[in-house]
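Please open the structure in your viewer and keep the selection panel at hand. The tour below goes from one selection to the next and says what is to be found at each stop.

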Amino acid sequence: MDYQFSEALAGMHGTATREIYRVLSRPGIISLAGGSPAHDCLPYRQIEEIAAELFADHDLMTKGYRYGTTEGFPELRELVLGLAASFGINISGMDTGNAIITSGGGQSIDLILKTFVNRGDTVLAENPTYQGFLQTAQSYGAVIAGVDAGEDGLIIQDLEEKILRHKPKLLYVVPTFSNPTGKTYSAANRKAIVELALRYGVMVAEDDPYSRLRISGEAVPPLKVFDTNNTCVVYISSFSKVVSPGIRLGFSIGPAEVIRKMTIAKQGVDLSSSNISQLLIQKYLERGYYYPNIEKSLPIYRERKGSMFEALGKYFPEEFSHTDPDGGIFIWGEFRTPIDTAAMFSEALKRNVVYIEGRSFFADGRGRSSLRLNFSNETPENIDKAVRILGELSKMTIAACEERETPAP
Ligand SMILES: Cc1ncc(COP(=O)(O)O)c(C=O)c1O
């Protein structure tokens, strides 16, 4: 049949990360590609304990088995406001109308785009950025303009110039342990971003799934902290990286008017996020499991990042440089020789190693010689092995590239 697919998906391919999940079940594959938390850090025991009690409590489960309100259980919305307060966000003057429970951070991104973006509108995002955002924004017909970033965060001059040129409604940022670079914006940079957003009336979506996974350095307050009157920042977070991605829950906090619109946008999508997942997370937070489990996971992340660092130093060519994040789960690297990391990927796959090539994170086709490496999800031994394989492969690829470019005598 000649399927008449929508324009929204025309020309779109699956994101590299999602597509790679298809090969992960292959025996022997070592994945430096995905964005999963360490499997050893998942709170199996606590979830098992909560689930056993929950499913035996038929009164409570009448709530679990029914349809729920689109914005989520009020008890859980109270709890996520409390969580946001523990991250430093000032919630005085906020109530449950300022919070929505979503089916993960990915859905919050979808809802905020649906709430603000008309086909042809420009949205701004750091270059490079989370490919799930790029994919969803494209599906709404948004034009994506990249804002350049330095060590401290967005280049404020570039941001202002892009705001004046494109008149965007929305800026999307991952300011703490960014996906894909692992970088963190300074507090001064966050303040300057909010000042510009307020001056020019730009809504900011602050996506923050990783800030709790800090393994070194000083904590930086969420960008939302600088939005003192709760007007221009929607704060997005998720339980995927700090409890379990399979539970599929996240939340957003922001101005009541925006949260209400996001709720209306969600009604037609999934009616509500899973009630059973909401009850699990509600009990998990009420029992105080959230922070102790994160604390327990940090030494594992520290060790794995250390292994990746050591291996990159040992095995990678000197034409390669990479970020040194204080947390999160990704390292971003770039080759000075213009090799194509997408072409190198098929060779890596033959050797049973996967990573994400850099171009997937740019809206404008840049990133050809970059790649993203995940360090959370494999043992130190596997990380060492995979980085050694990639190091050898990249040296071969660079040599072949230089040979092609050397003029014949
Ligand atoms: C920056 C960022 N935002 C959102 C998501 C989606 O996460 P969730 O599982 O909460 O939908 C991810 C997942 O990797 C991410 O890295």
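**A walk through the predicted model**

Begin by selecting helix H3 (residues 58–65) together with helix H10 (residues 275–286), whose axes come within 7 Å and cross at roughly 130°. To see the contact itself, show Leu60, Lys63 and Gly64 of H3 along with Asn275, Ile276 and Leu279 of H10. By class, this contact of H3 with H10 has 3 nonpolar, 2 polar and 1 charged residues. Please bear in mind throughout that what you are looking at is a predicted model.

**The sheet of 7 strands**

Next, colour the open sheet of 7 strands, which has the order S2-S8-S7-S6-S5-S3-S4 and mixed pairing. Strand S2 (99–102) and strand S4 (143–147) stand at its edges, and because each has a single partner strand, one side of each is left without a neighbour in the sheet. From one strand to the next, the twist averages 20°. Within this sheet, S5 and S6 pair in the parallel sense over 4 bridges, and if you select Leu171 you will find that its bridge partner in S6 is Val204.

**Loops with backbone features to check**

Select Asn127 and Pro128, which are joined by a cis peptide bond with omega about 0°; Pro128 lies in the loop between strand S3 (122–126) and helix H6 (131–139). Then move to Asn179 and Pro180, where the peptide bond is also cis, with omega near 25°, and where Pro180 is found in the loop between strand S5 (170–173) and helix H8 (187–200). Finally, select Asn230, which is not a glycine and yet has a positive phi of about 50°, in the loop between strand S6 (203–207) and strand S7 (233–238).

**Around the ligand**

Which residues are closest to the ligand? Of the 14 residues that surround the ligand, the closest are Gly104, Gly105, Gly106, Ser238 and Ser240. By class, this shell has 4 nonpolar, 9 polar and 1 charged residues.

**The sheet of 4 strands**

Turn now to the open sheet of 4 strands, with the order S9-S10-S13-S12 and antiparallel pairing. Its edge strands are strand S9 (320–322) and strand S12 (356–357), each of which pairs on one side only. S12 and strand S13 (residues 370–374) pair in the antiparallel sense over 2 bridges, and selecting Glu357 shows it opposite Leu371 in S13.

**A last pair of helices**

To finish, select helix H11 (residues 290–315) and helix H13 (residues 380–405), which pack at an angle of about 25° with their axes 9 Å apart. H11 and H13 are therefore roughly parallel to each other, and their crossing is right-handed. The residues that make the contact include Glu303, Arg304 and Tyr315 of H11 and Pro380, Asp384 and Arg388 of H13. By class, the contact of H11 with H13 has 7 nonpolar, 2 polar and 5 charged residues.

Technical notes
Residues are numbered from 1 along each chain as its sequence is written. This is a predicted model: local features need pLDDT of at least 70, side-chain atom pairs count only at pLDDT 80 or more; totals for chains, interfaces and linings use all residues. A residue is near a molecule or strand if its C-beta atom, placed from the backbone, lies within 6 Å of it. Ala, Val, Leu, Ile, Met, Phe, Trp, Tyr, Cys and Pro count as nonpolar, Asp, Glu, Lys and Arg as charged, and the others, Gly among them, as polar. Axes are lines fitted to C-alpha atoms, for helices over the stretch in contact, and angles run from 0 to 180 degrees between N-to-C directions. Angles under 35 degrees count as roughly parallel, over 145 as roughly antiparallel, 65 to 115 as roughly perpendicular and the rest as oblique. A crossing is left-handed if the near helix is turned anticlockwise from the far one by less than a right angle, and right-handed if clockwise. Two residues are in contact if their C-beta atoms, placed from the backbone, lie within 7 Å. Two strands pair if DSSP finds at least two bridges between them.
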